[in-house]
Amino acid sequence: MIALEEFVRAFENVTSGSEVEPLLVDIAGQVGAANIAYMADGKMVRDQCDPTRFVTYSDEWESRYFEREYIKIDPVALGVSRQLPFDWNTVASSASTRWLFLEAESFGVGRQGISVPLRGDAGERALITLTSFHSDREWQARRWRYQALIAGFAPYLHHLARTLREAHPKPIELSQRQRQCLELYGRGNTPKQIAAWLGISDTMVREHLHRARQKLRSATIPSAVTAAAKLNIIEV
């Protein structure tokens, strides 16, 4: 409990986002964990659609994870909508997810993990995770203490993330092609027509629209057009 109090006070002293990840690294080291990660959805701040993310994973893993769109199949990330904490061992059920976990381990993420979902006052959801390289026996001995620890400081870290996000909102950045495709789509053009207009393949147009929709965290392309227009990213 003393460690928890120290960690909470450390969060209270943070004044910029750049201080968060080094602090999480320090906390992980103090408790014998491999990594600590925090991610909140895009509803944290109005008109800010991208997720807030503080992780201690390697840059190599982060790049690989998003480039290959593992977030679409990652049962841990999908667990943000759960109500209760969950052990990674309980969600690695299919062959594809077991393979993903083994690859994550090879990139230093960890062999074991516990994740605690969190729901904020405004309905935003967040997930806080702690990982380790402990053996199964060691993990069972430590798992509940780890869960209690991250559940204890989760509200403080979430409040800090929201405070930083409101003070320093991160703008959504679309590439020139993504903006062009989204604007032309919003004006009633089909992907085939957009392709002819821009001199690229319709497959590439669909890819640009898909990437733009992802960045705007929209369920459909039309809703992505609406979101981008509201943010003054495009004109339709």
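Trainee: Why is Tyr65 called buried?

Mentor: This is a predicted model, so every value is computed from it. Tyr65 has a relative accessible area of 6%. Buried means under 20%. Tyr65 is therefore buried.

Trainee: What makes the pair of Tyr65 and Tyr70 edge-to-face?

Mentor: Take the distance, then the angle. The ring centres are 6.3 Å apart, and a pair needs centres within 6.5 Å. The planes stand at 80°. Over 60 degrees counts as edge-to-face, so that is the name for Tyr65 and Tyr70.

Trainee: Is Tyr70 buried or exposed?

Mentor: Tyr70 has 5% relative accessibility. The limit for buried is under 20%, so Tyr70 counts as buried.

Trainee: Which residues do ring pairs link into a cluster with Tyr65 and Tyr70?

Mentor: Trp61, Trp99 and Phe107. Across the model, the count comes to nine aromatic pairs. One of them joins Trp61 and Phe107.

Trainee: What does the pair of Trp61 and Phe107 tie together?

Mentor: Parts that are 46 residues apart in sequence. Trp61 lies in helix α3, residues 59-67. Phe107 lies in the loop between α5 (95-106) and β4 (112-119).

Trainee: How do you know whether Trp61 and Phe107 are buried, partly exposed or exposed?

Mentor: Use the cut-offs. Trp61 has 4% relative accessibility, so Trp61 counts as buried. Phe107 has a relative accessible area of 30%. Buried is under 20%, exposed is over 50%, and partly exposed is in between. Phe107 is therefore partly exposed.

Trainee: What makes you say that a charge sits over the ring of Phe86?

Mentor: The charged end of Arg82 sits over that ring, 4.7 Å from its centre. The distance limit is 6 Å, and the charge must also lie within 35 degrees of the ring normal. Arg143 does likewise with Trp144: its charged end sits over the ring, 4.3 Å from the centre.

Trainee: Why is α7 called roughly perpendicular to α10?

Mentor: Helix α7 covers residues 176-186, and helix α10 covers residues 221-230. Their axes come within 10 Å and cross at roughly 105°. Angles of 65 to 115 degrees count as roughly perpendicular, so α7 is roughly perpendicular to α10.

Trainee: Which residues make the contact between α7 and α10?

Mentor: From α7, Leu182, Tyr185 and Gly186. From α10, Ile221, Pro222, Ala224, Val225 and Ala228. By class, the contact has seven nonpolar residues, one polar and no charged.

Trainee: Where does Asn232 lie, and what is its phi?

Mentor: Asn232 lies in the segment after α10. Its phi is positive, about 60°, although Asn232 is not a glycine. Most residues other than glycine have a negative phi.

Trainee: Why does Asn232 count as exposed?

Mentor: Its relative accessibility is 68%. Exposed means over 50%, so Asn232 counts as exposed.

Trainee: How do you know that His210 is buried?

Mentor: His210 has a relative accessible area of 19%. The limit is under 20%, so His210 is buried. His210 lies in helix α9, residues 202-215. Leaving aside neighbours within four places in sequence, His210 is in contact with Glu69, Lys72 and Ile221.

Trainee: What makes Gln147 buried?

Mentor: Gln147 has 13% relative accessibility, so Gln147 counts as buried. Gln147 lies in helix α6, residues 136-167. Not counting residues up to four places away in sequence, Gln147 touches Pro85, Ile114 and Val116.

Trainee: How far apart are Val8 and Phe153 in sequence and in space?

Mentor: They are 145 residues apart in sequence and 6.1 Å apart in space, C-alpha to C-alpha. Val8 lies in helix α1, residues 2-12. Beyond its neighbours within four places in sequence, Val8 is in contact with Phe153 and Tyr156. Val8 has a relative accessible area of 10%, so Val8 is buried.

Trainee: How many helices and strands does the protein chain have?

Mentor: The chain has 10 helices and five strands. Buried residues make up 45% of its 236 residues.

Definitions and conventions. Residues numbered from 1 in each chain as written. Predicted model: local features only at pLDDT ≥ 70, side-chain atom pairs only at ≥ 80, totals over all residues. Heavy atoms only, no water. Axes fitted to C-alpha atoms, helices over the stretch in contact; angles between N-to-C directions. Helix = DSSP H or I, 4+ residues; strand = E, 2+ residues; numbered from the N terminus. Parallel < 35°, antiparallel > 145°, perpendicular 65-115°, else oblique. Contact = heavy atoms within 4.5 Å. Nonpolar A, V, L, I, M, F, W, Y, C, P; charged D, E, K, R; others polar. Buried < 20%, exposed > 50% of the residue type's maximum accessible area, 1.4 Å probe, protein only. Phe/Tyr/Trp six-rings, centres within 6.5 Å; stacked < 30°, edge-to-face > 60°.
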